[in-house]
Structures are given as C-alpha cells and as structure tokens.
Amino acid sequence: MIYLDAGTTYSKIITDSPDFEDEYLFSKKENKYYYVLPSSVVKSLNIVPTRSCGHMANANENEIIALAKGAKKIKEIEEAKEATILDLGSRDAKWIKFKSGKFHDMDWNTSCASSTGATVEMLLKFYNVKPEELDFTPDKFAVTCGIFGMEKIMDSISSGVKPAEAISKFVHGIAFNAWNFSKKPEKIYLSGGFCENRCLVDSLKNYCEVETLGRFILCEGLE
C-alpha cells in the first residue's frame, strides 16, 4: 500500500512498509510509515502508488477531493458548525469549507499563489537564512506572487533591511493573501508544508484562529 501526494518540491507518502530511506522517514503511527521526500527523488524511484494526487504524479485523484476526504477524517472538523481547511503548498493554494459536516464551498488558486512556498525556500537558500530565523513582523509586503515578492525583498535588502526581516515580511504577505483568498474565515485549519513555518503560522494568527493539520492530509484522503 502506497499513498502518494506528489508536490512540486516535496512529496508525501503513507505506506504500510518501510521501503524508503530512513532519512526521509517523518513519523510512524501504528503500522503506517509517513515519509517526506524531495519530488526529484520520488521521480527517480519509479514508484507505483496505490493511489496518488499532486502535480508531479500521474494522479488518479483530484487534490481538492483528497483534501476534503482527509479533513473529514478529523472528528473536530466533521462536528464543527463551520470549518475552512486551507492547503498552502509550494506552488498553489486551495481551500474547502464544510458546514455541519457537509461541503459548502471551495476554491483553488494556481496563479496568484504560484510558487509561494518554493519562492520562500529559494530565498532562504540564496540569502543563507534558516527558517527558524524568520519571525512575525507587523509589516508585510502586499504582493500576490513570488516574482513581485522577490522584487520587494531585493529592494528592501538593498536599502539596509536584514534578509530575515525582509523574507518575514514576504511570508506575512503570503499569510494575508491566503486568509483573504479563503474568504476571511474566523478559523483556518492549515494543511501543507507551511504548517512547519512558524513565521507563516504566527502571521496567519494575526487575522484568524489557526490549527495546523500537518503535511499528510491529502495522503490521508487517498486511503
């Protein structure tokens, strides 16, 4: 059994067999192994998944459907009067809303949210900044994509702002855009790699309550 969420930068796998390198093992729960691998590595392994979703796979499941199915497995979401689940990834943003456990609304943005996560990773590497060095800042860059964000960051750094602070402003801008894109809910259940970005989570908390679900919700929705 292999369930694969093949993202642009990283892929997530849930399997019942420890078939992959230990360095990629994220966690183990009961008889299931959870892996996070660079998508370039996944492509080289010629994996034949039981079910899959994502940009980098010959997917047999829609990502929105996988997100909805995975979220519905969480008791709190199933029982909530209203719940907005936002999956913010490397190149897109998508959300789904339930009311009293039933589908109500959704959207999927592959343009304005394009490359948000990937852009942050590239900026961190280019400026030699560690993710834990990013802190919430009340200021934000009002940008809608990675290209304009990099321009703002470079201009800011050239004027004397420290790289970590400039990137934090960009991350705050991502959080603000994601909240607006999700129709300004009072609470967001956050899915995806940004769950591990403290700066993003703290920035999003500036606008609404946030509960992180981790990186495997889409994989859970494939089971």
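Which residues do ring pairs link into a cluster? I looked this up first, bearing in mind that the model is predicted. Phe 26, Tyr 34 and Phe 216 are the residues that ring pairs join into a cluster.

Next I looked up the count of aromatic pairs. The count comes to eight. One of them is Phe 20 with Tyr 35, an edge-to-face pair with 5.1 Å from centre to centre and 75° between the planes. I then checked where the two residues lie. Phe 20 is in the loop between β2 (10-15) and β3 (25-29), and Tyr 35 is in strand β4 (residues 32-38), so this pair ties together parts that are 15 residues apart in sequence.

Are Phe 20 and Tyr 35 buried or exposed? I noted 12% relative accessibility for Phe 20, which counts as buried. For Tyr 35 I noted 1%, and Tyr 35 counts as buried.

I turned to Trp 179 and Tyr 207. Their ring centres are 5.2 Å apart and the planes are at 25°; planes under 30 degrees apart count as stacked, so this pair is stacked. Trp 179 belongs to helix α6 (residues 163-181), while Tyr 207 sits in the loop between α7 (198-204) and β10 (209-214), so the pair ties together parts that are 28 residues apart in sequence. I also looked up the accessible area of Trp 179: the relative value is 13%, and the residue is buried.

Last, I looked for charges over rings. I found Lys 140 over the face of Phe 176, at 4.6 Å from the ring centre. I also found Arg 215 over the face of Tyr 10, where the distance to the ring centre is 5.4 Å.

Note on methods. Residues numbered from 1 in each chain as written. Predicted model: local features only at pLDDT ≥ 70, side-chain atom pairs only at ≥ 80, totals over all residues. Heavy atoms only, no water. Phe/Tyr/Trp six-rings, centres within 6.5 Å; stacked < 30°, edge-to-face > 60°. Helix = DSSP H or I, 4+ residues; strand = E, 2+ residues; numbered from the N terminus. Buried < 20%, exposed > 50% of the residue type's maximum accessible area, 1.4 Å probe, protein only. Lys NZ or Arg CZ within 6 Å of the ring centre and 35° of its normal.
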